[in-house]
Amino acid sequence: MISSYLEHLGRFVLWQRNVYSKPENWRMYYKEFVRQLYDIGIGSLPIIALISVFLGAVTVIQFYYQMEGTLIPPYYIGYIVRDMTIIELAPTFTCLVLAGKVGSNIASEIGGMRQKEHIDAMEIMGVNTSAYLVMPKVLAALFIIPMLVCLSALISIMGGYLASVPTGLFTSAEYILGLRSFFIPYNVFMMFVKAVVFAFILTSVPAYQGYFVKGGSIELGAASTRAVVFSDILILLADYLIALVLTA
Amino acid sequence: MIRIKDIRKSFGDVEVLKGIDFEFEAGKNNLIIGKSGAGKTVLLKILIGLFQPTSGSVWYDQLQLGDLDKNQLKELRMQIGMLFQGNALFDSMNVEENIRFPMDMFTSMTAKEKKDRVNLCLERVGLEGSNLKYPSEISGGMQKRVGIARAIVLRPKYLFCDEPNSGLDPKTAITIDELISTITIDNHITTVINTHDMNSVMEIGDNICLLNQGKLAWKGGKEEVIDSENEILQDFIFASPFLKKLKARALGV
């Protein structure tokens with residue numbers, strides 16, 4: 001089993017050379033890049049917005065419950081929501097959700113092309129299919145996912161506001177005071193580092209699974225599942241490593 | 001012209017191709033025929049470079065496929081057109097975009113030049129005016145024609161067709177055969193067709209390579225098929241009792 005994982009890792013690393021090689025035609029790659037920006041970015045916006053609102057709202061309510069009756073001033077909840085969202089919840093949650101939505105989509109799309117001989121057809125034409133089918137997706141994700149994560153953090157903080165101020169848990173002034181207290185810009189940097197690393201994982205791993213799929217529709221389904229599971233595990237592992245390295 | 005010399009291919013312990021020599025001639029319809037499992041598809045994939053042979057060599061005129069570097073291989077592939085068994089048309093693109101794809105990727109032609117070329121290719125395959133239809137909106141026969149149009153759009157020197165008649169009714173199959181044949185002769189293309197359709201063999205088989213259990217069992221033209229005494233060929237071509245009877249009647253036996 002370990003040798004199988006190592007074999008996949010080796011093949012994945014060697015494959016990266018093909019993926020990031022010079023495009024045959026910059027315009028075609030750019031067109032594909034823009035299409036992916038739209039699919040990954042705009043296509044994921046509603047689900048990310050919805051999840052983020054509830055993420056912020058639940059965080060506020062849970063912390064209010066924990067801190068109620070203590071001597072900690074209520075405005076601290078705004079501060080906690082902000083930092084939790086920026087450092088952990090927005091990048092990790094968003095990317096775990098995107099691994100399911102975008103990742104499975106990439107694995108099925110590329111795997112379907114493999115099965116329908118589209119990839120063979122392109123190869124015979126002389127197209128570097130590893131580069132044409134994968135590079136624009138990864139680059140688009142590296143560009144758009146940090147923006148989605150940033151937006152998720154913002155919406156999450158607004159979700160916290162909506163769950164607390166109109167319901168009378170505390171005042172608007174207290175929440176905003178919390179948001180503006182003890183701000184460390186380095187945390188935003190950490191959020192972006194996570195977003196970029198996770199974006200790479202959640203596109204490259206599914207692309208690999210789809211590109212090398214063999215067999216029929218059952219194998220394609222299995223590859224799609226593996227794409228999501230491995231992406232999720234690697235995102236959580238990377239999350240831990242980034243936290244270790246950037247907070248050392 | 002494409003030549004293969006002593007091509008062998010093994011998958012694990014199983015030797016699928018056992019030393020095949022053959023010459024696919026320019027301006028002719030070169031057919032690879034044989035029973036299922038004879039090694040036709042493997043040979044075709046070796047010819048186009050999707051599989052590496054275990055030993056032996058493939059020559060495209062003066063170029064040996066195995067010796068080409070990445071750029072040379074890319075240049076050669078631009079001279080190759082391929083019609084797939086399942087057509088391999090891109091579902092998300094319409095007919096025009098499918099045919100235009102190789103030009104978009106590899107040429108610096110203007111939009112008008114591309115449009116003209118697409119229309120010419122569509123006219124060539126008898127599908128004028130189908131530019132905006134999607135593959136899912138056209139019949140299997142029409143999809144084959146679009147596949148042929150895409151295969152010839154860059155004016156290839158070599159054309160490969162994998163089971164061009166599979167899934168088509170006999171009449172449409174003959175039309176597709178004739179189309180491939182006309183394009184081959186008019187443009188002096190080296191066409192290699194992988195088929196087990198007997199109509200194709202008798203209609204357009206200029207140069208036939210019969211594979212049996214991974215070996216070359218017979219080679220020749222369609223005119224030589226009926227008179228040949230090769231048992232494997234006769235068993236293959238006249239497989240059904242009906243065809244056997246028909247042959248016997250034709251020969252007056």
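This is a predicted model: local features need pLDDT of at least 70, side-chain atom pairs count only at pLDDT 80 or more; totals for chains, interfaces and linings use all residues.
Now to chain A as a whole. It has eight helices and zero strands, and its C-alpha trace spans about 70 × 40 × 35 Å along the principal axes. Of its 248 residues, 40% count as buried, and among the contacts in chain A with a separation of 6 or more, 88% come from residues 24 or more positions apart.

The axes of helix 7, residues 185-211, and helix 8, residues 217-246, of chain A come within 9 Å and cross at roughly 155°. With angles over 145 degrees counted as roughly antiparallel, helix 7 of chain A and helix 8 of chain A are therefore roughly antiparallel to each other. The crossing of helix 7 of chain A past helix 8 of chain A is right-handed. Among the residues that meet here are Val197(A), Phe198(A) and Ile201(A) from helix 7 of chain A, and Ala227(A), Phe230(A) and Leu234(A) from helix 8 of chain A. The residues of this contact divide into 16 nonpolar, three polar and three charged.

Let me turn to where the chains meet. How many residues does each chain bring to the contact? Chain A supplies 13 residues and chain B supplies 15 residues. On the side of chain A that touches chain B, helix 4, residues 118-125 of chain A, gives the most, with six residues. That side of chain A has five nonpolar, three polar and five charged residues.

Chain B brings us to strands. Six of them form an open sheet in the order 6-7-8-3-9-10, with mixed pairing. Strand 6, residues 80-83, and strand 10, residues 215-220, of chain B stand at the edges with a single partner strand each, so one side of each is left without a neighbour in the sheet. From one strand to the next, the twist averages 15°. Within this sheet, strand 3, residues 29-34 of chain B, runs parallel to strand 8, residues 190-194 of chain B, and four bridges join them; Asn30(B) stands opposite Val192(B) in strand 8 of chain B.

Finally, the hairpin. Strand 1, residues 2-11, and strand 2, residues 14-24, of chain B pair in the antiparallel sense over eight bridges, and Ile7(B) stands opposite Ile20(B) in strand 2 of chain B. Two residues lie between these strands, and in the turn Gly12(B) has a positive phi of about 65°. Strand 1 of chain B is also joined by five bridges to strand 4, residues 55-60 of chain B, in an antiparallel arrangement, where Ile2(B) stands opposite Tyr60(B) of strand 4 of chain B.

Terms used:
Residues are numbered from 1 along each chain as its sequence is written. Chains are lettered from A and ligands numbered from 1 in the order in which they are written. Two strands pair if DSSP finds at least two bridges between them. Axes are lines fitted to C-alpha atoms, for helices over the stretch in contact, and angles run from 0 to 180 degrees between N-to-C directions. Angles under 35 degrees count as roughly parallel, over 145 as roughly antiparallel, 65 to 115 as roughly perpendicular and the rest as oblique. A crossing is left-handed if the near helix is turned anticlockwise from the far one by less than a right angle, and right-handed if clockwise. Two residues are in contact if their C-beta atoms, placed from the backbone, lie within 7 Å. Ala, Val, Leu, Ile, Met, Phe, Trp, Tyr, Cys and Pro count as nonpolar, Asp, Glu, Lys and Arg as charged, and the others, Gly among them, as polar. A residue is buried if 20 or more other C-beta atoms lie within 10 Å of its own, exposed if 12 or fewer, and partly exposed in between; C-beta atoms are placed from the backbone.
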